[in-house]
Amino acid sequence: MGKIELLSEEVANKIAAGEVIERPASVVKELVENSIDAGSTRIKVKVEDGGKKLIQVLDNGEGMVAEDAKLAFERHATSKVKEANDLFALRTLGFRGEALSSIAAVSRLKLTTKREDSLSGIKLRLVGGEIEKEESCGCQVGTNILVKDLFFNTPVRYKYLRQTSTEIGHISDIINRLSLAYPAISFRLEHNGRQILETTGNGNLLDVIFNIYGREAAKDMLEVDYQQDYMELTGFIAKPTTTRSSRKHQSYFVNDRFIKSGLMSKAVEEAYHTLLTINRHPIVVLKLKLNPILVDVNVHPTKLEAKFSRGNIVYKVVKEAVTKAIKNSDLIPKIELEEKSKQKDEVKKGSKKQDYQQKNLNLTTGSKQTEKKKKNESKSKQMPKYTQQTKQDSKEVRAKKIERLFGGVEDSKVDQVQEESRQYNEEDLSLVPIGQIHQSYIIAQGLDGMYIIDQHAAHERVIYQQLLQKYKEEQVKIQELLLPLKLDLTHQEAQLLAEKEEQLANCGFLLEEFGGNSYLIQGVPVQLYKLDDQELILDTIYKLIKELDFKEEHHFAKKVLVMISCKAAIKAKTKLSVKEMSSLLADIEGYQVQTCPHGRPVMMHLSRRELEKKFKRR
Ligand code: ADP
Ligand code: MG
């Protein structure tokens with residue numbers, strides 16, 4: 001007798017189920033995708049104990065007739081596509097006809113469904129995939145599926161389920177993604193009677209982002225809207241100042257399907273680059289629409305990893321679109337007035353509207369200066385206001401102005417100088433130091449109101465920009481050390497260092513092999529040498545080796561420069577002379593600094609108008 005036996009239907013179903021249904025979240029995904037395919041506009045998901053005990057999905061979709069409802073639980077029963085060549089060309093999410101039979105095979109399942117044109121609905125009860133009971137019933141149009149005791153008949157699978165919190169985490173991820181993919185559908189997720197998510201289904205993606213990530217995150221989103229011959233990219237990305245500690249909050253969709261794409265996320269992070277703090281990641285929701293031919297056909301439905309046959313174009317489009325969105329945003333946070341007084345102001349403004357308009361009119365007609373300023377403002381709305389004047393001044397002219405105002409002043413005369421600086425002609429200079437608070441923040445007056453500047457962050461950015469420029473021109477200055485410093489490394493570290501010796505030299509680090517796993521530091525970038533602190537130099541290089549991903553070729557130099565800038569910048573709690581403050585402010589303007597290389601904001605702005613409002617002058 002031969003060895004081969006055919007598997008029983010039951011065993012075959014259980015094996016198939018194992019492939020499609022890994023955990024409660026897979027059940028949720030399959031059921032909700034079916035609801036979406038059925039044209040639902042409202043989908044409600046109820047879960048108990050992370051889905052281990054119960055999963056219920058209710059929809060208002062087209063429903064099924066009795067005959068189809070029973071057929072749906074047969075393997076390879078699908079109303080969708082007969083032959084699927086290309087996953088991304090499909091308009092429906094399901095197409096293999098495996099989900100319902102797989103879920104039913106490993107659970108106790110109840111289904112109630114009704115079509116609009118049917119007089120009554122049908123109710124089915126299945127245990128382990130077998131229909132145990134069927135009856136007709138009166139019910140609403142749509143489908144209601146209840147899955148109880150998942151994996152009750154496959155104990156090994158059940159054993160592999162994780163804690164409730166982990167499982168509901170996965171379920172919540174699935175619902176989040178689907179809500180982001182379909183803002184026109186209202187989703188609701190409930191766990192043990194507690195509502196986790198509810199979206200309105202009003203079609204607005206930003207509203208869904210608000211529902212998932214909260215008000216603060218939604219407020220700080222930048223819109224991406226980019227069209228190109230072959231593709232279209234839309235969605236939202238977070239400002240570099242609102243980030244999260246993992247990439248988990250980055251969702252990419254291709255033709256409305258959630259995908260994992262190393263390529264797209266790399267392009268995004270590349271676009272942000274130094275605007276992000278190390279190990280911080282922006283919230284990203286990006287939707288790519290393209291001809292299905294450009295996406296690999298052999299994408300495994302549960303693996304979600306998409307391959308692009310024109311990866312380079314996708315990469316370019318994503319990077320360009322994100323860069324454009326970031327550039328168009330004004331990254332200087334505004335100082336917010338207190339919520340209450342703001343509301344009061346609103347009320348007052350209503351009653352005095354005419355008065356206010358009148359005043360405004362007088363101002364504009366009365367003063368040429370204001371008129372000129374207004375013109376300037378409207379011309380370059382995207383640019384931070386403090387830069388407008390500077391742009392016309394050459395560096396030398398500026399230097400002279402600073403010299404005239406503050407030249408050769410000693411600290412003891414600071415008060416006197418500040419007095420002077422208050423008398424300066426407003427058009428003369430755009431950012432003028434008023435003073436320093438807590439020896440950490442510079443207060444300055446600009447063309448429009450007040451600026452508070454974080455001295456460390458600002459200086460760090462300035463140094464970074466200078467270094468980057470020099471690096472590009474291959475002119476980073478190296479200072480040779482009188483006494484070389486010894487660097488003792490692990491074997492692995494020493495190898496990494498050997499690989500990157502040349503790049504490190506381009507960034508200003510001269511290294512020499514010293515036998516074993518040791519190196520000698522012969523020279524460092526001038527900026528670090530000035531600090532004259534050997535510990536610090538060693539510390540920087542150790543950190544470089546530990547923290548840098550040496551494989552990321554072209555990021556390497558930039559990351560090194562970021563690190564040098566941080567070490568070399570003026571620290572907080574350092575007293576600055578007026579001259580030092582002025583020169584820093586000039587550099588900030590010169591380099592149009594908005595955030596530090598780690599992505600933290602460099603300055604805050606309180607406009608004249610806001611000041612006047614605050615003091616009830618308006
Ligand atoms: P697939 O989605 O791949 O077709 P499934 O096993 O998930 O396979 O579903 C089988 C069939 O059952 C679907 O093709 C569809 O016709 C029907 N169906 C499943 N869920 C629903 C639902 N919520 N509303 C209407 N029809 C459904
Ligand atoms: Mg399906």
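Biologist: Before we start, what should I know about the model and the numbering?

Modeller: The model is predicted, so local features need pLDDT of at least 70 and side-chain atom pairs count only at pLDDT 80 or more, while totals for chains, interfaces and linings use all residues. Residues are numbered from 1 along each chain as its sequence is written, chains are lettered from A and ligands numbered from 1 in the order in which they are written, and side-chain values use heavy atoms, with hydrogens and water left out.

Biologist: OK, which residues come nearest to ligand 1?

Modeller: N34, T78, S79, K80 and G97, out of 19 residues around ligand 1. To be counted there, a residue needs a heavy atom within 4 Å.

Biologist: What does the side chain of N34 do there?

Modeller: An N or O atom of the N34 side chain sits 2.8 Å from an oxygen atom of ligand 1. That is a polar contact, meaning a pair of N or O atoms within 3.5 Å; within protein, one must be able to donate a hydrogen and the other to accept it, and residues adjacent in sequence count only if both atoms are side-chain atoms. T143 also has a side-chain N or O atom 3.3 Å from a nitrogen atom of ligand 1.

Biologist: And how much of ligand 1 does the protein cover?

Modeller: 93% of the 530 Å² of accessible area that ligand 1 has on its own, by the Shrake-Rupley method with a 1.4 Å probe.

Biologist: Switching to α7. Which residues are buried?

Modeller: In α7 (residues 205–213), they are L205, V208, I209, I212 and Y213. Buried means under 20% relative accessible area (1.4 Å probe, protein chains only). Helices here are DSSP runs of H or I, at least four residues, and strands are runs of E, at least two, numbered from the N terminus.

Biologist: Why are they on the same side of α7?

Modeller: Because they cover an arc of only 110° around the axis, taken from the directions from the helix axis to the C-beta atoms.

Biologist: What caps the N-terminal end of α7?

Modeller: N204, with a side-chain oxygen 2.9 Å from the backbone nitrogen of L206. After α7 comes G214, with a positive phi near 95°.

Biologist: Now E190, buried or exposed?

Modeller: Buried, at 14% relative accessible area. E190 lies in strand β7 (residues 186–191), and its side chain makes a polar contact with the R188 side chain at 3.5 Å.

Biologist: Last one: how many residues are between β9 and β10?

Modeller: 3, in a hairpin.

Note on methods:
Buried means under 20% relative accessible area, exposed over 50%, partly exposed in between (1.4 Å probe, protein chains only). Two strands pair if DSSP finds at least two bridges between them.
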